[in-house]
Amino acid sequence: MLTKRNLEYKMFTERNGGEKMVIVKDKEKLKRDIILAGFSITSLAKEVGCSKAHISSIVNHERNPSGTIAVKICEQIKGKFDDYFFIESVHKRKQRTNNNR
């Protein structure tokens, strides 16, 4: 399991100004391991501190979790972050302004 410090560094420190997006690798594995850890979607949501609908939408690939929620899910199911999630860099295009013309 990653230490909290290493995970925070991996997820939130990118020196070039880009943003990070956390994405579920394999929704079936995540669902299975949530159940094997003894949780329902409802009970996991309660432990993580968010709604049942939010956890369900993450597990079903309808929504990407925040880094904080992903870490809390891993802590509850006693799993490794890299087994369930990956981090993708998101680079936003600079919008053109009147000064750039």
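User: What share of the contacts in the protein with a separation of 6 or more comes from residues 24 or more positions apart?

Analyst: Such pairs account for 69% of them, where contact means heavy atoms within 4.5 Å. Keep in mind that this is a predicted model, with local features needing pLDDT of at least 70 and side-chain atom pairs counting only at pLDDT 80 or more, while totals for chains, interfaces and linings use all residues. Residues are numbered from 1 along each chain as its sequence is written, and side-chain values use heavy atoms, with hydrogens and water left out.

User: How many helices and strands are there in the protein, and what makes something a helix or a strand here?

Analyst: There are 6 helices and 2 strands, in the order α-β-α-α-α-α-α-β along the sequence.

User: Why is Ile34 called buried?

Analyst: Buried means under 20% relative accessible area, exposed means over 50%, and partly exposed is in between (1.4 Å probe, protein chains only). Ile34 has 2% relative accessibility, so it counts as buried. This residue lies in helix 2. Not counting residues up to four places away in sequence, Ile34 touches Phe39, Ser40, Leu44, Val59 and Ile77. For the protein as a whole, buried residues make up 29% of the 101 residues.

User: What makes a set of residues a nonpolar core, and which members of the largest one touch the most others?

Analyst: The members must be buried Ala, Val, Leu, Ile, Met, Phe, Trp, Tyr or Cys residues, joined through side-chain atoms within 4.5 Å. The largest core has 19 residues, and those touching the most other members are Leu30, Ile34, Leu44, Ile55, Ile73, Ile77 and Phe85. At least two residues each come from strand 1 (19-24), helix 2 (27-36), helix 3 (41-48), helix 4 (52-59), helix 5 (67-77) and helix 6 (81-84). Helix 5 gives the largest share, 5 residues.

User: Which residues of helix 5 are buried, and what does Ile77 contact?

Analyst: In helix 5 the buried ones are Gly67, Ile69, Ala70, Val71, Ile73, Cys74 and Ile77. Leaving aside neighbours within four places in sequence, Ile77 contacts Leu30, Asp33, Ile34, Ala37, Phe39, Leu44 and Tyr84.

User: How do helix 3 and helix 5 pack?

Analyst: Their axes are 10 Å apart, at an angle of about 115°. Axes are lines fitted to C-alpha atoms, for helices over the stretch in contact, and angles run from 0 to 180 degrees between N-to-C directions. Helix 3 contributes Leu44, Glu47 and Val48 to the contact, and helix 5 contributes Ile69, Lys72, Ile73, Gln76 and Ile77. These divide into 5 nonpolar, 1 polar and 2 charged residues.

User: What about Cys50, where does it lie, and what does it touch?

Analyst: Cys50 is in the loop between helix 3 and helix 4. Not counting residues up to four places away in sequence, Cys50 touches Ala45, Ile55 and Ile69. Its C-alpha atom and that of Ile69, 19 residues apart along the chain, are separated by 8.4 Å.

User: Which residues of helix 4 are buried, and what do they pack against?

Analyst: They are His54, Ile55, Ser57, Ile58 and Val59. Their packing partners are strand 1, helix 2, helix 3 and helix 5.

User: Why is the pair of Phe81 and Phe85 called tilted?

Analyst: Rings of Phe, Tyr and Trp (its six-membered ring) pair if their centres lie within 6.5 Å; planes under 30 degrees apart count as stacked, over 60 as edge-to-face, and the rest as tilted. By this rule there is 1 aromatic pair. Phe81 and Phe85 are 5.4 Å centre to centre with 35° between the planes, hence tilted. Both residues are buried.

User: Why is His61 called partly exposed, and why is Lys78 called exposed?

Analyst: His61 has a relative accessible area of 45%, so it goes in the partly exposed class. Lys78 is at 66% relative accessibility and therefore counts as exposed. His61 sits in the loop between helix 4 and helix 5, and has a positive phi of about 65° although it is not a glycine. Lys78 is in the loop between helix 5 and helix 6; it isn't a glycine either, yet has a positive phi of about 60°.

Terms used:
Helix = DSSP H or I, 4+ residues; strand = E, 2+ residues; numbered from the N terminus. Nonpolar A, V, L, I, M, F, W, Y, C, P; charged D, E, K, R; others polar.
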